[in-house]
Amino acid sequence: MPRPESIENRWDILYRDYPEVYEAFMNVPYQPSVFDQVPEMIDLHGKLIVDVGAGTGRSSRAVARTARQVIGIEYEPAMLRQARQAALGDEAARLIYLSGDACAIPLADNSVDIVTGFTLALFPAERYRDFIREGLRVAQDKVVYVGIPPGWYGGDLDPVIDNPYKGKFDVEVDRIFIEEYQFAYQDVFSNQDYGTIENIVSIYGFIFGKKVIEHIRREHITNIRWKYRVYWRK
Ligand SMILES: C[S@@+](CC[C@H](N)C(=O)[O-])C[C@H]1O[C@@H](n2cnc3c(N)ncnc32)[C@H](O)[C@@H]1O
């Protein structure tokens with residue numbers, strides 16, 4: 001089947017059919033990377049960590065640079081395969097992957113130090129409550145979630161994107177963490193330089209839609225600025 005011009009924000013299709021595009025999206029350098037910023041905010045030294053929604057393993061490998069041991073949990077087989085293949089060297093010795101659901105973590109109560117989740121995109125928003133409850137059940141020490149705050153879904157081009165999650169969803173997720181479950185939070189920024197228009201169109205544009213592709217071409221955009229919100233709670 002020929003590749004479409006864009007998957008129009010269907011992340012489930014991206015993870016299932018185009019894990020290599022997701023990987024390319026993550027491979028365009030983020031400066032500074034949220035994976036470097038989180039360990040500066042949360043002490044991961046010597047900890048046993050469960051990283052749910054591990055994807056292709058980027059967040060799990062990043063956490064494994066500091067933690068004692070990391071269990072990455074992912075439910076999409078294509079992503080899990082890539083994660084297992086990518087685990088190399090010292091990190092690999094501290095990393096294992098399990099197939100499982102972030103909202104029904106296959107581990108006992110208080111069995112790890114920290115539960116992390118990096119940009120899970122759970123739908124509907126209600127499922128974040130399940131993730132939080134499960135995290136608080138399994139973690140002795142902390143639950144840490146890294147998400148994208150309201151209005152930043154596609155980074156600084158968000159206003160141009162036909163964002164299916166705009167308004168209600170992202171505001172609701174933010175409210176669940178901060179008001180309902182009293183998480184502390186801090187925002188961090190990151191820049192992504194795609195180098196060329198063709199590169200940004202084939203990766204970022206492929207994910208975020210035809211409308212943004214037209215905008216990128218018209219305005220000659222090759223950079224995206226991202227805002228992340230790091231939430232944590234004991
Ligand atoms: C945006 S990716 C992030 C991957 C990784 N955490 C990272 O930062 O590179 C989100 C991942 O979460 C997975 N995911 C979404 N909902 C999940 C759930 N309920 N249980 C397990 N994995 C889930 C998706 O399949 C996808 O691989």
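Is asparagine 110 buried or exposed? Here are some notes to read beside the model.

1. Before we start: this is a predicted model, in which local features need pLDDT of at least 70, side-chain atom pairs count only at pLDDT 80 or more, and totals for chains, interfaces and linings use all residues. Residues are numbered from 1 along each chain as its sequence is written.

2. Now to the opening question. Asparagine 110 is exposed, because 12 other C-beta atoms lie within 10 Å. The rule is that a residue is buried if 20 or more other C-beta atoms lie within 10 Å of its own, exposed if 12 or fewer, and partly exposed in between, with C-beta atoms placed from the backbone. You will find asparagine 110 in the loop between strand E4 (95-99) and E5. Helices (H or I, at least four residues) and strands (E, at least two) are DSSP runs, numbered from the N terminus. The phi of asparagine 110 is near 50 degrees, a positive value in a residue other than glycine.

3. Asparagine 9 also deserves a look, with a positive phi near 70 degrees in a residue other than glycine. Asparagine 9 sits in the segment before helix H1 (11-17). It counts as partly exposed because it has 18 C-beta neighbours inside 10 Å.

4. Next, the inside of the model. In soluble globular proteins, nonpolar side chains tend to be buried together. A nonpolar core here is a set of buried Ala, Val, Leu, Ile, Met, Phe, Trp, Tyr and Cys residues joined through C-beta atoms within 7 Å. The largest one has 43 residues, of which Ile49, Val50 and Val115 touch the most other members. Strand E6 (residues 139-147) gives the most to this core, with 5 residues. A second, separate core of 14 residues includes Leu157, Ile207, Phe208 and Ile213.

5. Which residues does valine 50 contact, leaving aside its neighbours within four places in sequence? They are Ile71, Ile73, Ile105, Leu107, Val112, Val115 and Val138. Two residues are in contact if their C-beta atoms, placed from the backbone, lie within 7 Å.

6. Now try a helix pair. Helix H2 (residues 19-27) and helix H9 (residues 197-208) pack at an angle of about 115 degrees, and their axes are 9 Å apart. Axes are lines fitted to C-alpha atoms, for helices over the stretch in contact, and angles run from 0 to 180 degrees between N-to-C directions. Val21, Ala24 and Phe25 of H2 meet Ile203, Tyr204, Phe206 and Ile207 of H9.

7. In helix H8 (residues 168-180), the buried residues are Asp170, Val173, Asp174 and Phe177. They pack against helix H7 (127-138), E6, strand E7 (184-193) and strand E8 (223-233). Just after H8, glutamine 182 takes a positive phi of about 55 degrees.

8. Alanine 184 has its place in strand E7. Alanine 184 counts as exposed because it has 12 C-beta neighbours inside 10 Å. Not counting residues up to four places away in sequence, alanine 184 touches Trp232 and Arg233.

9. Finally, look for two cis peptide bonds. One joins glutamine 31 and proline 32, with omega about -10 degrees; proline 32 is in the loop between strand E1 (30-31) and helix H3 (34-41). Another joins phenylalanine 123 and proline 124, with omega about -10 degrees; proline 124 is in the loop between strand E5 (112-118) and H7.
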